[in-house]
Amino acid sequence: MCLFFFCLRLTRTRTADSVASETRRIYRRSPLPNQTNLRASPGTPVSSEDQFHPERSGTDRPSNERMCGVHIEVLGDQELRYVTCTFDICDNLISFIGVRLGKNVFSPTATTVANYNSKLDQLMQELRDRAVLNIQGGVQQIREDLASLNIPESVQRARDDHTLDTLSYAGSVGLNQAKKCFNGTRTEILKEILHWINNTDPTTPRILWLHGQAGKGKSAIAHTTALQAKNLGNLGSCFCFTRVRQHEGLHKKLVTTIARDLADRDPRFRLLLAGIISNNYALTDTEDIAEQWQKFIAEPLSQLASSSTRNVVIVIDALDESGVDDTREGILDILTACGANLPATTRILLTSRPLADIGEALRTKQHILTKSLDDVDYDSTTRDITLYISTKLKKLDGTFCDENIRQLAAKSGGVFEWARLACDFILPRMGVIPKERFCQIVSHTGDGSNLLDGMYTTFLEELVQGSAELLRFRSVMRQILWSKEPLSIKALDSMREEFPLAECYPVRIVLNFMASFLSGTTDTSTPIRPLHASFYDFLLDKNRSGDFFIDEAEVHNDLALASLRVMQAGLRFNMCALPTSYVRNSDVVDLAKRVEENIPLHLLYSCRYWAAHLQNTKVDAELGEHVKEFVLGEQILFWMEALGVSKFISEAYRALVSAEQWFQVRSFL
């Protein structure tokens with residue numbers, strides 16, 4: 001049953017979004033062995049077929065065979081290959097579990113599995129024999145018919161929106177006004193950038209690469225520039241990379257996200273982009289981002305250049321945080337090879353640290369203007385930092401004189417992040433005497449290359465005192481650093497309840513004191529993120545952080561086991577309490593609300609990343625038993641339903657591939 005269902009439904013996702021509803025229908029219609037009358041758990045809506053559709057009875061109900069026929073008609077060669085590959089993965093995985101554990105895990109279900117294998121073989125043969133229908137002529141005829149009609153603007157926009165929805169979009173990567181420059185600071189560099197943006201000379205470089213060491217304020221300048229462009233009406237897109245989201249592969253969504261942002265800004269661009277996608281749909285799913293850039297961005301911008309009244313601004317912040325060198329190689333190729341061909345009305349502001357591969361690619365290109373924050377006038381930077389420190393400490397009513405503020409500004413070495421941390425360190429709270437903290441900072445020796453490391457160490461030494469506190473600090477930060485995506489305090493605690501007993505304590509005992517380093521510490525529902533990327537770099541480098549170094553240890557084992565336990569306890573039939581299974585997910589008006597209310601963040605995290613953590617674990621018999629129970633039981637169906645309604649069903653295949661590899665490499669005997 002499980003094997004049949006998984007193969008069939010994953011294939012369905014290639015052409016529709018009805019994975020979750022089909023899960024519920026198959027599950028109700030064909031109970032698992034030894035479970036002939038399984039119903040929804042208490043509190044969920046009706047679970048029988050007659051209750052969902054009382055008008056259907058007897059032969060009127062769609063049979064499994066009839067349902068298979070529906071799927072045959074929507075599948076083509078590509079889907080056939082997908083079914084075959086998925087079948088192999090599931091079959092190998094289930095067989096491998098039985099072999100590794102030395103047990104006949106299917107003795108009660110051998111007949112059922114054989115029957116479904118036979119049906120699946122028949123289905124596969126029908127798919128192989130079926131000719132691919134040529135629908136191009138019909139589609140073209142429909143387009144011609146539509147073109148002859150006077151379609152209302154609202155209908156046209158809805159059609160374009162549907163077309164653009166096929167482009168991948170990275171959420172929460174745009175402009176954040178909270179990160180803009182402190183008022184009255186960075187005026188010279190901002191004016192310089194604004195002049196470059198507004199320059200009408202056609203020979204003006206299309207790209208400005210702004211680089212500098214960690215803490216110099218690159219991101220603040222990027223967000224301020226984006227905000228200024230937005231206020232002037234010429235912001236095309238703002239895309240900010242961040243180290244904590246590298247696992248999402250944001251670099252693959254850069255081009256499509258910028259294209260969609262440009263389409264949202266300009267209806268003419270929207271129409272051009274929708275037409276390009278309609279004529280070449282394969283571009284939406286290609287790995288050739290250079291071709292996407294040319295078709296989705298360069299060509300539409302060029303067609304609109306002659307009618308543009310303002311230069312279009314695109315901001316790409318923190319390219320160095322996109323991942324390892326290979327992840328940004330394609331982006332650098334685009335900027336160096338295709339950037340020169342952008343229309344004269346396009347401006348791209350790019351920020352990063354001066355990493356070797358980025359510098360080698362960008363420095364010598366004539367269409368790329370380079371600007372180093374390390375070369376900005378020192379007096380100007382010191383003045384800005386002095387203004388910042390003076391404003392932050394003025395609430396202390398004369399505790400510090402002008403000379404003290406100048407001492408701190410000079411100590412900062414032009415690093416804005418150091419100044420922010422210094423002010424946080426000095427500000428009064430329980431047991432803190434600001435003047436003592438000031439003396440501690442100014443007496444600290446060190447050159448400019450390790451200013452931030454010294455500040456981090458000084459700060460943490462005051463916060464973490466004693467071996468017990470250090471162990472708890474490492475444990476909580478280890479969970480945060482090695483989680484696959486940022487989690488809120490509430491989600492971290494929910495996962496932590498399934499950790500070993502010695503580590504089952506709330507994360508607040510550490511995070512309550514980390515507001516100077518992390519965002520989200522005052523709200524249980526906001527994901528925890530670093531205020532500055534250099535803090536995570538510091539913690540993950542033993543040579544820099546010393547006693548505060550955070551290694552992986554057994555965290556992946558803890559997170560994998562916790563994920564499996566969370567799913568075992570939290571997954572159930574018809575997770576979102578949908579009243580019927582006979583509609584597509586996209587037709588459920590309040591599906592997003594239902595998902596938010598019924599699938600908590602820690603459960604969704606577990607569904608998405610249990611296999612990723614599993615892949616990084618060592619031999620563990622207890623973990624192996626939990627994986628076996630999950631893969632061979634009914635929970636795998638509920639897992640697929642949860643991924644389906646959450647729009648992450650594509651991750652199911654990769655998860656089972658990963659689990660299969662884990663069983664192949666590790667032995668529990």
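Helices, meaning DSSP runs of H or I with at least four residues, are numbered from the N terminus. The views below come from a predicted model, in which local features need pLDDT of at least 70, side-chain atom pairs count only at pLDDT 80 or more, and totals for chains, interfaces and linings use all residues. Residues are numbered from 1 along each chain as its sequence is written, and side-chain values use heavy atoms, with hydrogens and water left out.

**View 1. T458 in helix α20.** T458 sits in helix α20, which covers residues 451-463. With a relative accessibility of 8%, T458 counts as buried (buried means under 20% relative accessible area, exposed over 50%, and partly exposed in between, using a 1.4 Å probe and protein chains only). Apart from neighbours within four places in sequence, T458 is in contact with F425, Q440 and H444, where contact means heavy atoms within 4.5 Å.

View 2. Helix α18 spans residues 416-426, and ten of its eleven residues are buried, so the rest of the structure largely encloses it. The buried residues are F416, E417, W418, A419, R420, L421, A422, C423, F425 and I426. Their cover includes α16, α17, α19 (434-442) and α20.

**View 3. Helices α16 and α17.** Helix α16 (residues 378-393) packs against helix α17 (residues 402-411) at an angle of about 130°, the axes lying 9 Å apart. Axes are lines fitted to C-alpha atoms, for helices over the stretch in contact, and angles run from 0 to 180 degrees between N-to-C directions. The angle makes α16 oblique to α17; under 35 degrees counts as roughly parallel, over 145 as roughly antiparallel, 65 to 115 as roughly perpendicular, and the rest as oblique. The crossing of α16 and α17 is right-handed, that is, the near helix is turned clockwise from the far one by less than a right angle. Y378, T382, I385, T386, I389, S390 and L393 of α16 meet I405, L408, A409 and A410 of α17. By class, this contact of α16 with α17 has eight nonpolar, three polar and no charged residues (Ala, Val, Leu, Ile, Met, Phe, Trp, Tyr, Cys and Pro count as nonpolar, Asp, Glu, Lys and Arg as charged, and the others, Gly among them, as polar).

**View 4. Helices α12 and α13.** The axes of helix α12 (residues 267-279) and helix α13 (residues 289-304) come within 10 Å and cross at roughly 135°. The two helices, α12 and α13, are therefore oblique to each other, and α12 passes α13 in a right-handed crossing. On the α12 side the contact is made by R268, F269, L272, L273, I276 and I277, and on the α13 side by K295, F296, I297, P300, L301, Q303 and L304. Ten nonpolar, one polar and two charged residues form this contact of α12 with α13.

**View 5. N574 and A577 in a loop.** N574 lies in the loop between α26 (555-570) and α27 (591-598), and A577 is found in the loop between α26 and α27. Most residues other than glycine have a negative phi. N574, which is not a glycine, has a positive phi near 50°, and A577, also not a glycine, has a positive phi of about 55°. N574 is buried, with a relative accessible area of 0%, whereas A577 is partly exposed at 23%.
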